[in-house]
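Hi everyone, thanks for making the time.

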Amino acid sequence: MTQAIDSQTVAQYLIDHPEFFENHADILSGLRLTSPVIGKAVSLHERQIEVLRSKYKTLELQLSRLMHTAQNNKSLMEKMVVWASRLLEKRHETDDMPQTVVNSLESVFNVPETTLRLWNIREEYADSWFTRHVDENIRNAANRLEHPYCGKVPENQDAVKWLDLFSSIRSVAMVPLKKDAQSLPFGLIVMGSPDATRFQNDMATDFLSAIGELASATLRHLLVTG
């Protein structure tokens, strides 16, 4: 009796016995496989070349994406340096630092609209523009932000209304401002764009986190001490 052999058994046998085709070289020239590229039978060697070409194209595409990401990261890093330099240039103008942070973010990173709000700040700044319209709901929402938010405009997010043109905003980035990683936020930066693809939820937030850390260090002098 002849026992049926399934394809997995044959494949495993060939893997375990690589010398098979060396011992039966005449079989190779007679093997014909259907090519998904040209739609007809080709030799094993031709099919192998097609497979290698396909793998090469896949690797080429992956390399292109990596290079594109690297170029974007390089550009962002250069902008981060410029932005940090702008903040350092204005470091002695302490009362104007919130406006400096906002203006420089818009100009350096080409953000259509940016604003920020701070709380728990010193009494002399209580009536400043950067303390307005901050209610408990907004503070609680900021407390829940373990990382910067990036994506479409969240429902019932009143912080977006800080932006002058909030009705036309389709994507936002919200960056909490903290004394350190363990503390609760003392403020929030909101960046908005009418372009729904400008800030997407699959974007990495490393640079936004760096922006938050730099801005926090720049604005910390406005806080109530103790």
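Helices here are DSSP runs of H or I with at least four residues, strands are E runs of at least two, and both are numbered from the N terminus.

What you see is a predicted model, where local features need pLDDT of at least 70, side-chain atom pairs count only at pLDDT 80 or more, and totals for chains, interfaces and linings use all residues. Residues are numbered from 1 along each chain as its sequence is written, and side-chain values use heavy atoms, with hydrogens and water left out.

Okay, the overview. We've got seven helices and six strands in the chain, and reading along the sequence the order goes α-α-α-β-β-α-α-β-α-β-β-β-α. The chain has 226 residues, and 32% of them count as buried. Buried means under 20% relative accessible area, exposed is over 50%, and partly exposed is in between, with a 1.4 Å probe and protein chains only. As for contacts, meaning heavy atoms within 4.5 Å, take the ones between residues at least 6 apart in sequence: 56% of those join residues at least 24 apart. The chain exposes about 15100 Å², with carbon and sulfur atoms supplying 53% of that. Those areas come from Shrake-Rupley with a 1.4 Å probe, and for residues only the protein chains shown count as cover.

Now the sheet. How many strands form the open sheet, and in what order? Four strands, ordered β3-β6-β5-β4, with antiparallel pairing. β3 and β4 (149-152) sit at the edges with a single partner strand each, so one side of each has no neighbour in the sheet. From one strand to the next, the twist averages 15°. For angles, axes are lines fitted to C-alpha atoms, for helices over the stretch in contact, and the angles run from 0 to 180 degrees between N-to-C directions. We call two strands paired if DSSP finds at least two bridges between them. And as a reminder, strands of a sheet pair through backbone hydrogen bonds, either parallel or antiparallel.

Let's walk across it. β3, residues 113-118, pairs antiparallel with β6, residues 187-193, over six bridges. Arg 117 is the one standing opposite Leu 188 in β6. Next, β6 and β5 run antiparallel and are joined by seven bridges, with Leu 177 opposite Gly 187 in β6. Finally, β4 and β5, residues 171-177, pair antiparallel over four bridges. Over there Cys 150 has Ala 173 of β5 as its bridge partner, and Lys 152 has Ser 171, also in β5.

So what covers the strands? Helix α5, residues 97-109, lies across β3 and β6 and runs at about 155° to β3. Helix α7, residues 206-219, lies across β3, β4, β5 and β6, at about 45° to β5.

And how does β5 come out, residue by residue? Seven of its seven residues are buried, so β5 is largely enclosed by the rest of the structure. On one side that's Ser 171, Ala 173, Val 175 and Leu 177, and on the other Val 172, Met 174 and Pro 176. β3 is mostly covered too, with six of its six residues buried. There you have Glu 113, Thr 115 and Arg 117 on one face, and Thr 114, Leu 116 and Leu 118 on the other.

Last stop, salt bridges: a side-chain nitrogen of Lys or Arg within 4 Å of a carboxyl oxygen of Asp or Glu. A search of the whole structure turns up three. Lys 74 and Glu 78 meet at 2.7 Å, N to O. They're four residues apart in helix α4, residues 44-89, so about one helical turn separates them. Lys 74 is exposed at 53% relative accessible area, while Glu 78 is partly exposed at 43%. Then Arg 122 meets Glu 124, also 2.7 Å from N to O. Arg 122 is partly exposed at 28%, and Glu 124 counts as exposed at 52%. In the Asp 158 and Lys 161 bridge, the closest N and O atoms are 3.7 Å apart.

That's my tour, thanks.
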